[in-house]
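Biologist: Before we go into details, could you take me through how to read strand pairing and helix packing in a model like this one?

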Amino acid sequence: MTVNILVSLGGNAILKHTDIGTAEEQLKNTKQTSSIIIELLREGYHVALTHGNGPQVGDILLSYDLAKEILPPMPLDVCVAQSQGMIGYMLQISLKNSLKDKDIEKSVVTILTQTLVHKDDPRLKIPSKPIGPYYTAKEASKLRERGWSMVEDSGKGYRRIVPSPLPIGFIEESSIKSLFEKGELIIASGGGGIPVIKNENGHLQGLEAVVDKDHTSSLLASLIGAEILLILTDVDKVSINYGKPYQQDLDHMTVSMANKYLKEGHFPSGNMGPKIESIINFLENGGKKAIITSIENVFDALKGNAGTTITLI
């Protein structure tokens, strides 16, 4: 029996920390990732994909910044759209080639996804998400004059911070569901999706914001009726007391355990927190189980021999 699964790819599945960021490097990584996705298909999973875009959208913003005397910079929503197209293309070509090598006939399609957020979301008024390159204090001061919100980040310099509202849906929901139900291999809501609101006229309007990928992954998984939400990141397992001498790696959590650890502060908001929150939402809305692990441990994790599995009870 076919099992519906949403695979949420972390940035390291496309661009590793040690990479410079060339197209060749990213295509090499997506080729390796694609071979794993194809094996999931061969094992009977009906797969949908979503992905992060942090490094790529940061590079796009930096490119505009460096060329600002020649080319007009694009707003953040447009940059997110550019990153969706770029990463979607790399995944599509890699997946199609892997499918051909295995003699599998299946369409692969990237859906340029707009993520709807509430126009009155209080998070829109409080910039909190660091994006893009680092700047000196002098550069940050000048950027503030342009209306940017800046914050010192990790002692490395100053970065622009933007609002990070919660997603409430996708504009392309019917297309996503229809294509998935027809058996297509879809790539949707990359980088959290392009943030949009509906204005007073009911028209869509893009926002200078970043929607968290993990929260959109939960929404997307529920939309397509996924039984499993598989989050691939740069750690093998979820841990409590992370980085401390008494760090404990977790093989399994229930939702109640996850909520307890969240309240105790084990999962920071800028790291594991959104992943755990999104999984709780997914499981409370009908999902069967969620798994967090590294891409190297996918198949062992699906068998319960690696990663961290989270269930409702």
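Modeller: Let us begin with one pair of residues, bearing in mind that the model is a predicted one: Leu-9 stands opposite Leu-232, which lies in strand E12.

Biologist: In what sense do E1 and E12 pair, and over how many bridges?

Modeller: Strand E1, which covers residues 3-9, pairs with E12 in the parallel sense, and five bridges connect them. E12 is also joined to E16 by six bridges, again with the two strands running parallel, and in that pairing Leu-229 has Ala-290 of E16 as its bridge partner.

Biologist: How should I read the two faces of a strand such as E12?

Modeller: The general idea is that the side chains of a regular strand alternate between the two faces of the sheet. In E12, Ile-228, Leu-230 and Leu-232 are on one side, Leu-229, Ile-231 and Thr-233 are on the other, and all of these are buried, so that both faces are covered. Since six of the six residues of E12 (residues 228-233) are buried, this strand is largely enclosed by the rest of the structure.

Biologist: Where is Ser-294 placed, and is Ser-294 buried or exposed?

Modeller: Ser-294 is in strand E16, which spans residues 289-294. Its relative accessible area is 3%, and because the cut-off for buried is under 20%, Ser-294 counts as buried. Leaving aside residues up to four places away in sequence, Ser-294 touches Leu-232, Thr-233, Val-235 and Asp-236.

Biologist: Which way do E16 and E17 run relative to each other?

Modeller: E16 and E17 run antiparallel and are joined by four bridges, with Ala-290 finding its bridge partner in Ile-310 of E17. Strand E15 (residues 252-254), by contrast, runs parallel to E17 and is joined to it by three bridges, and there Thr-254 stands opposite Thr-311. Strand E17 (residues 308-311) has both faces covered, with Thr-308 and Ile-310 buried on one side and Thr-309 and Thr-311 buried on the other.

Biologist: And how do I read a pair of helices?

Modeller: Two packed helices are described by the angle between their axes and the distance between the axes. Here the axes of helix H6 (residues 213-223) and helix H8 (residues 273-284) come within 8 Å and cross at roughly 20 degrees; angles under 35 degrees count as roughly parallel, and H6 and H8 are therefore roughly parallel to each other. Their crossing is right-handed.

Biologist: Which residues make the contact?

Modeller: H6 contributes Asp-214, His-215, Ser-218, Ala-221 and Ser-222, while H8 contributes Pro-274, Lys-275, Glu-277, Ser-278, Asn-281 and Phe-282. Sorted by class, the contact of H6 with H8 has three nonpolar, five polar and three charged residues.

Notes. Residues are numbered from 1 along each chain as its sequence is written. This is a predicted model: local features need pLDDT of at least 70, side-chain atom pairs count only at pLDDT 80 or more; totals for chains, interfaces and linings use all residues. Side-chain values use heavy atoms; hydrogens and water are left out. Buried means under 20% relative accessible area, exposed over 50%, partly exposed in between (1.4 Å probe, protein chains only). Contact means heavy atoms within 4.5 Å. Two strands pair if DSSP finds at least two bridges between them. Axes are lines fitted to C-alpha atoms, for helices over the stretch in contact, and angles run from 0 to 180 degrees between N-to-C directions. Angles under 35 degrees count as roughly parallel, over 145 as roughly antiparallel, 65 to 115 as roughly perpendicular and the rest as oblique. A crossing is left-handed if the near helix is turned anticlockwise from the far one by less than a right angle, and right-handed if clockwise. Ala, Val, Leu, Ile, Met, Phe, Trp, Tyr, Cys and Pro count as nonpolar, Asp, Glu, Lys and Arg as charged, and the others, Gly among them, as polar.
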